[in-house]
Amino acid sequence: MKRRDFFTSSALLGASIPLGVTPLVSSCSSNGNKSKNKESYTPEQLGMPSFAEQAPDGKPLKAGLIGCGSRGTGAAVQFLNAGNDLSIVALADVFEDRQQKCREILLKEKNNKVEDSMCFLGFDAYKKVLDLDVDLVLIATPTHFHPDQFKAAVAAGKHIFMEKPAGVDPVGIRTVLVAARQAVDMGLTVVTGNQRRNQLDYWQAFMQVKNGAIGNVLSATAHWNQGAWWNKLKRPEWSDMEYNIRNWFNIKWLSGDHLLDQGVHNIDVATWFTGWLPEKAVGYGGRARRMTGDIFDFFSVDYRYANNKRMMATARQIDGCDTNVSESIMGTEAVFYTGRKKMWIENFEGEILWQYDYETNPVVGGHQQEHVHLVESIRLNQKVNQAEDIALSTLVSIMGREAAYTGREITWDEIMASDLRYGPTEYALGPLPDYEEGVAPIPGRDPKAPL
Amino acid sequence: MPITSLFLGAGLVIGVNKGVQATSTSAYCQSCHVHTGADEAWLKSPHFSNESGVRVGCAECHLPPHGSFRHFRTKVQTGLHDLYAYHFKDPESFDWESKQQLEYAVTIVFNESCEKCHQNLFPLGLTEEGGKAHLYYEANAKELELHCINCHLDAGHELPNYKHQKMTGIPVSDESPKEVYLEPTTVTRFENFTEHIPKTSVSFNMKAIEGGTFQMGSTDNEPLRDPDEGPVRTVKVSPFFMGEVEVTWNEYWTFYSQTMSEGRLDPETVYANNASNVDAISGPTPPFGNPDQGWGSGNRPAITMSHYAARTYCQWLSRVTGKTYRLPTEAEWEYACRAGTQTPYYFEGDPKRFSSEGLRNRLFGVDTVNISSHTVYRINSGLKTHEPSNTRPNLFGLRNMSGNVFEYCSDLYATDAYAQTESNITDPKGPGSGSEHVIRGGSYISEAADLRSASRAFTETEAWLKTDCQQPKSIWWYSDMKGIGFRVVCEPAI
């Protein structure tokens, strides 16, 4: 019997040929770097997005924006830039001034008009947007609100763009993890705002690392060290809640601290490239010069993984200190480095083995590209779902933050099952008796405290 | 020619397949299986009727997934077994209730079959606790050998007293009006007494155990012994009082009602608070599910509490009675269990004849006559605990020293604990270090060998908490150990 006939006959009998994807060369071959001219994984096998300049045309898509601050407004403009027949039809926010400002920008810059009747105010405004006939929602509220809003958006069957991080505490992360499964089950697209996963330079580097350019991966670093970030002073006419939300970045229960809000970008790259989740973490940090709020302004976390693998993560927001926003992945053969508009692989003899050519292949910022991929996934029914990835990377950050806050080694099992939850359970513009301005966590025990 | 044989082969496959299908319908199963109780419980279960409209039949849970080789092999095996049982066994002799217990159920319910249908463990509407538990299951199922029915035992057959939720309120087993004791019992002489828990109607009997000297452990020639029972030492024990029976649910729920802590304090805070012995005692948090397993409470032994919970119970009991209650040392426990005997059991009999292991006993039957009246164990328990009143006491008047539930001792466990001391010793308290505690006496599920007076066992904290998805795991309740309880001793006032 000829081979092709055999397939036909056995198909008749109901036998099936497994269709699983097999890499052409095993990724654990020890001489991986020697075969770097022959790529063992193709971009399709690794799930690389299209990096198209524009999303394909298709069904008009109507979006609701949940969270109309600067990031939300930016995300809305980038969504509208992503392709044709895209519109923002509804806005939800807590503050009228921010909502009106956003509305003006959308009208002025993108000629996108949002009707009065489609501007919803209040803590439950997002529910009103979800009740509308919109195809998708963009969630760009302070991080604390992401889990509940994401869960509700999935239950409403909407496609979703959600800003990073996924949540501020383990309770929130579990909410996102569970809803992420439901979103997969329902075939929804979820794109998240950890924009490095939607940048061509990172994807080319990821291909290199996956195909053995640095050998077997041993360790990683992740840094977001910058100057002081924005903050807002409390005004007399603001209630505690209004102050907290307007200054949300500097408030623990809303942002989860800067190891999450900024550090998660770099921690997510390390998690993505290595494919590892830590077993435990020891962390250090404090509040040296931050002007408002109740969070730290520097962190250092030592993560331990199975089989003696390791990651060092740092984050700092203090003026006058050195800055460093980068990642590195160290392998047995070479090290992958990122920096400001630089990305390269260097071996232990100092030879550059690979570098990304920014002149020939200019990179569209991930903030814009992620919306192209979002619209493309919805229109081509690709069912991209990044929710679980960002939830896990955020939990890695949370684990490091709690290690620094407490001075205790925190295990993955512990943080995964922890009932830790930050913030009030009911939301209203009014007093917040549990919030203490300027009081950040202090690790350990007071030496004068009774034993 | 090849085409014809293909068709013949296909025909055979289809024919066998039809036969396999026909003998896997629920109606076919029920035509022989004469367990009307199980059938009725199935009709009341979510697998019979639910919102999705899917009805799950016998073979879908009680065989591995259809299409696997294991399915076929198990079907043949169970089919032959059922055929034999149908023709040669008396249906009246089947103890259907014991087959509902987890220990048996895991052998006839196939987790792959659960997962075959329940591919999405995170359906819409799943509660926060459910999400947490299922994430824990996903991360640990393989390593800890978790089974869906560890937590969903009533999925296929209704279990009226089974609960899949945090317990609320305080169980009351008997609401008939009774005398309320105002004061604890005053003990002036070293003799048996009945303790009264003040402001309640709860009482229990304490036996005065005269001190003495005995040979602790077992010698090499004792049948079915383990090496950790030696070397035999000559141990002198001072007088003490000991509970006639294992602490009952009536007693334990009283403790719970007076000390229960609703808030989730971290363990270190609880330990520190209770160690100070100044403030009110922080007692157990509400358990998940029904700790009495739906078997009933009242005078049945309280079970599933942790060693720390048992110690805290003693602390509380001491405070409300003004006496010194504590867990027995291992030496006190064995001295009290032997009650003057130096034989394998405190009743007559040979471990080899009582044991269900071993070819001879399997072929010719096990001797159960004497052992059955003295203990509650694998053969006679129906896989659950029993009230102590039907079990005969030992010569000190203590019931269920052997069987029913394992009992905590205050000693830490070490395999070589007896070799660590002199061979003549007074009131030993066990090794100075270790991570697990001694448990004694065997349980309702134990083999006769483990019911011997010298037999030793130990707590297994990690395994006994394997389905507890909290972090930190409960310090009060074991999620995965049912046959554990304790008995109190009281120190005579000087």
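T271(A) is buried in this predicted model. Its relative accessible area is 11%, under the 20% cut-off, so T271(A) counts as buried. The residue sits in helix 12 of chain A, which covers residues 263-274. What does T271(A) touch, leaving out residues up to four places away in sequence? Its contacts are W276(A), L277(A), S393(A) and V396(A).

Now turn to charge. Side chains of opposite charge can pair when their charged atoms come close. Over all chains, the whole structure holds 35 salt bridges. One of the pairs joins E163(A) to R71(A), with the closest N and O atoms 2.4 Å apart. This pair links distant parts of the chain, 92 residues apart. E163(A) lies in the loop between strand 5 and helix 7 of chain A, while R71(A) belongs to helix 3. Are the two partners buried or exposed? E163(A) is buried, at 6% relative accessible area. R71(A) is partly exposed, at 27%.

R246(A) and D97(A) meet in a salt bridge, with 2.9 Å from N to O. R246(A) lies in helix 9 and D97(A) in helix 4 of chain A, so their pairing ties together parts that are 149 residues apart in sequence. R246(A) is buried, with 12% relative accessibility. D97(A) is partly exposed, with a relative accessible area of 42%.

Move on to chain B. Here E112(B) forms a salt bridge with R70(B), and the closest N and O atoms are 2.7 Å apart. E112(B) is in helix 8 and R70(B) is in helix 5 of chain B, so this bridge ties together parts 42 residues apart in sequence. E112(B) is partly exposed, at 32% relative accessible area. R70(B) is also partly exposed, at 34%. Salt bridges can also join into a network: E330(B), E334(B), R338(B), R440(B) and R456(B) are linked in this way.

Next, look at a strand. In a regular strand the side chains alternate between the two faces of the sheet. Strand 3 of chain B, residues 212-216, has such a pattern. G212(B), F214(B) and M216(B) point to one face and are buried. Which strand pairs with strand 3 of chain B? Its partner is strand 4 of chain B, residues 233-237. The two run antiparallel and are joined by five bridges. In one of them, G212(B) has V237(B) as its bridge partner.

Finally, see how the chains meet. The contact takes 16 residues from chain A and 17 residues from chain B. About 1,500 Å² is buried between the two chains, and carbon and sulfur atoms give 62% of that area. On the side of chain B, L124(B), L135(B) and Q471(B) lose the most area to chain A. Together these three make up 37% of what that side buries.

One of the residue pairs in a salt bridge is D419(A) with K132(B), whose closest N and O atoms are 2.7 Å apart. Six residue pairs are in polar contact across the interface. In chain B, helix 1 and helix 9 each give two or more residues to the side that touches chain A. Helix 9 of chain B provides the largest share, five residues. By class, this side of chain B has eight nonpolar, five polar and four charged residues.

Note on methods:
Residues numbered from 1 in each chain as written. Chains lettered and ligands numbered in written order. Predicted model: local features only at pLDDT ≥ 70, side-chain atom pairs only at ≥ 80, totals over all residues. Heavy atoms only, no water. Contact = heavy atoms within 4.5 Å. Buried area = accessible area lost by both parts, 1.4 Å probe. Salt bridge = Lys/Arg side-chain N within 4 Å of Asp/Glu carboxyl O. Polar contact = N/O pair within 3.5 Å; in protein donor to acceptor, adjacent residues only side chain to side chain. Helix = DSSP H or I, 4+ residues; strand = E, 2+ residues; numbered from the N terminus. Nonpolar A, V, L, I, M, F, W, Y, C, P; charged D, E, K, R; others polar. Buried < 20%, exposed > 50% of the residue type's maximum accessible area, 1.4 Å probe, protein only. Pairing = 2+ DSSP bridges.
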